[in-house]
Amino acid sequence: MKWHQLKTHAETLSQRHLAELFAEDPERFTRLHRRVGPLLLDLSKQRLTEDTLVQLSALADTSDLRGWIDRMFAGDEVNCTEHRAAMHWALRVPDTRNADNAAGAPELAPPEIRDAVHAELDRMAHIVDKLQAGQWRGFTGEVITDVVNIGVGGSDLGPLMVSRALEDFAVPTPQNLQVHFVSSMDGSQVSHLLRQLRPQSTLFIISSKSFTTVDTLYNAETARNWLTRALGEDPAVTRCHFLAVSSAVDKVAAWGIAEENRLTLWDWVGGRYSLWSAIGLPAAIRIGMPRFRELLAGAHFMDVHFRDAPWRENLPVLMALTGVWNTNLLGIHGHAILPYDGRLKYLPSYLEQLEMESNGKSVTRDGDPVTTRTCPILWGDVGPNAQHAFYQLLHQGTEAVTCDFIAPALRYHEAVHTAAAQELVGQHELALANCLAQSRLLALGEAALPEGEQMPFYKRYRGNQPSTTLMMDELTPYSLGAMLAAYEHKVFAQAVLWEINPFDQWGVEMGKKIATDTLLALRDGETVAMDASTEGLLAYIRKR
């Protein structure tokens with residue numbers, strides 16, 4: 001019944017242009033923005049009204065969103081196909097082992113999980129401090145100057161994105177410690193990087209939850225061979241130059257990594273939700289553990305807000321409801337992520353995985369085909385670059401696309417007394433002006449132009465393209481943590497409304513299996529039932 005009512009409401013509202021809605025209600029921004037902690041969410045450029053949010057909130061109630069949130073935070077098996085809890089939120093609970101820290105802190109996780117999480121964070125801190133102080137030495141006694149994270153997917157995108165986003169908080173070290181990332185299975189990244197590094201002073205982190213991911217293990221083996229060719233076959237080479245983050249302790253041990261160099265990832269943490277665990281070690285090495293803990297604190301703030309706030313004040317839920325409205329009621333199936341800050345360069349890729357791997361599903365939790373559209377197609381880029389790439393399609397193309405404009409309000413403000421800083425402030429203001437102008441033009445179209453200005457037909461802008469603006473006070477570890485957690489919870493809330501499981505990825509797993517079979521056919525000529533196209537391509541490759 002709620003879906004039927006929403007469809008009727010959408011049919012009426014779809015006849016309205018955003019320019020009309022703004023003209024009719026000068027208080028539209030006031031009614032449709034929310035301020036939560038370090039974040040401001042503006043929905044006033046979405047093609048919806050307050051009544052839309054009322055009806056969408058009723059849909060959330062009908063879907064038992066509150067019950068599902070409670071079950072997730074209770075540690076129930078919300079990942080039904082793998083019979084697991086989804087407790088990534090437990091990775092950022094405050095350390096209440098100390099009575100002073102416990103005062104006033106909401107106890108979300110059971111004490112045994114909380115203690116295990118913080119024990120692992122303490123181990124991370126020991127490693128980070130040792131590396132930053134120049135006390136970690138390689139096999140020949142040289143100080144480690146370069147750390148290379150070997151991972152893929154969530155084991156790469158999360159720490160890479162945070163390391164870049166928080167580069168202003170990088171900790172200076174005596175040896176100018178650098179952090180690098182390798183993920184490509186074809187060897188192009190690792191071979192290019194190894195040519196620039198020295199085996200005597202390089203440490204590798206193998207990040208793999210299962211420790212069976214082919215991409216990661218091949219890169220790791222290439223790195224080990226590079227080390228042993230230079231330093232010899234001594235087992236101590238692996239002990240001095242490798243760390244691992246995994247839930248597969250036995251496999252890590254069999255690979256030869258010393259016990260003191262192993263960090264734990266738990267089964268109840270999905271790969272794309274693992275940034276907050278020891279998978280985030282490369283970012284922690286870059287910014288230091290105090291800043292990494294601030295990242296966790298920002299995410300925890302959003303966890304509590306998501307759990308407790310009413311729907312129409314709840315940032316992640318509002319983001320989720322808006323997405324459902326656009327996808328299922330307005331029929332918009334493309335979504336662009338557009339950060340107006342170069343430090344957020346890797347945020348679109350991170351959110352692509354988070355949303356499309358989580359909610360790219362066509363089967364309900366009960367095993368039935370879904371009856372509605374689920375996740376839209378996500379893509380994006382840093383906004384100023386994207387303006388010169390694909391904004392033409394957004395403004396005058398035939399496809400409707402929703403956008404998330406993301407920007408910090410402040411940057412470079414702490415050093416405005418210098419001439420160079422004032423120039424950078426001016427550049428940040430330029431980026432903000434473009435962010436606001438682009439979202440305004442997408443929404444209002446020709447109504448955004450000066451009154452009376454006429455355009456030839458080929459310059460006309462139809463507008464009425466919906467967008468959300470998400471602003472931070474400034475980009476800090478705390479605000480970044482809050483924003484990323486908001487997107488995580490948005491994904492979960494949408495999954496509840498679509499009745500799907502956001503915590504598995506069987507399509508990805510099947511692709512890996514087929515690739516393994518194909519590799520045997522490619523290398524050994526082993527006969528495996530193939531389609532005609534694949535057989536023809538294999539034959540072409542073998543001939544060369």
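I began with Glu 499, which counts as partly exposed because its relative accessibility is 43%, where buried means under 20% relative accessible area, exposed means over 50%, and partly exposed lies in between (1.4 Å probe, protein chains only). The model I am reading is a predicted one, in which local features need pLDDT of at least 70 and side-chain atom pairs count only at pLDDT 80 or more, while totals for chains, interfaces and linings use all residues. Residues are numbered from 1 along each chain as its sequence is written, and side-chain values use heavy atoms, with hydrogens and water left out.

I placed Glu 499 in the loop between H20 and H21; helices (H or I, at least four residues) and strands (E, at least two) are DSSP runs numbered from the N terminus. Its phi is positive, about 60°, although Glu 499 is not a glycine. I then looked up Asp 64, which also is not a glycine and has a positive phi of about 60°. Asp 64 sits in the loop between helix H4 (50-62) and helix H5 (65-73), and its relative accessibility of 34% is why it counts as partly exposed.

**Domains**

I noted the domain assignment of the chain, whose bounds come from an automatic or database domain assignment: domain 1 covers 4-10 + 19-74 + 309-504, domain 2 covers 113-290, and domain 3 covers 509-543. Between the C-alpha centres of domain 2 and domain 3 I read a separation of 32 Å.

**The largest pocket**

I next turned to open space, where a pocket is an open set of points on a 1 Å grid over the protein atoms alone, with protein on both sides within 12 Å along at least five of seven lines, whereas a cavity is a set of points where a 1.4 Å probe fits but cannot get out; lining residues have an atom within 4 Å of a point. Grid points are joined across faces, edges and corners, and a volume is the space filled by probe spheres set on the points.

The largest pocket has a volume of about 1,200 Å³. Its lining holds 49 residues, and those nearest its centre are Ser 210, Thr 213, Val 508, Glu 509 and Lys 512. Which helix gives the most to this lining? I found that H21 does, with 11 residues, and that helix H8 (154-165), helix H10 (214-231), helix H16 (347-359) and helix H21 (506-524) each supply at least two. By class, the lining of the largest pocket divides into 18 nonpolar, 20 polar and 11 charged residues, with Ala, Val, Leu, Ile, Met, Phe, Trp, Tyr, Cys and Pro taken as nonpolar, Asp, Glu, Lys and Arg as charged, and the others, Gly among them, as polar.

From Ser 210 I also followed a distance to Gly 256: the two are 46 residues apart in sequence and 16 Å apart in space, C-alpha to C-alpha. Gly 256 lies in the loop between helix H12 (249-255) and S7, and is partly exposed because its relative accessible area is 37%.

**Cavities**

I counted three cavities of 30 Å³ or more, and the largest cavity has about 210 Å³ of space. Of its 24 lining residues, Met 319, Gly 323, His 335, Asp 404 and Lys 490 are the closest to its centre. Helix H15 (315-329), strand S8 (334-339), strand S10 (402-410), strand S11 (467-474) and helix H20 (477-498) are the elements that give two or more residues to the lining, and the largest share, six residues, comes from H15. The lining of the largest cavity has 11 nonpolar, 10 polar and three charged residues.

**Buried residues**

Gln 465, in the loop between helix H19 (419-444) and S11, counts as buried because its relative accessibility is 4%. Its side chain reaches the backbone oxygen of Leu 394 at 2.9 Å, and, not counting residues up to four places away in sequence, Gln 465 touches residues including Leu 18, Lys 45, Leu 394 and Glu 399, where contact means heavy atoms within 4.5 Å.

Ser 274, in the loop between strand S7 (262-264) and helix H13 (281-287), is buried because its relative accessibility is 0%.

Leu 296 lies in helix H14 (residues 289-308) and is buried, with a relative accessible area of 5%. The C-alpha atoms of Leu 296 and Trp 276, 20 residues apart along the chain, are separated by 6.7 Å.

Key. A polar contact is a pair of N or O atoms within 3.5 Å; within protein, one must be able to donate a hydrogen and the other to accept it, and residues adjacent in sequence count only if both atoms are side-chain atoms.
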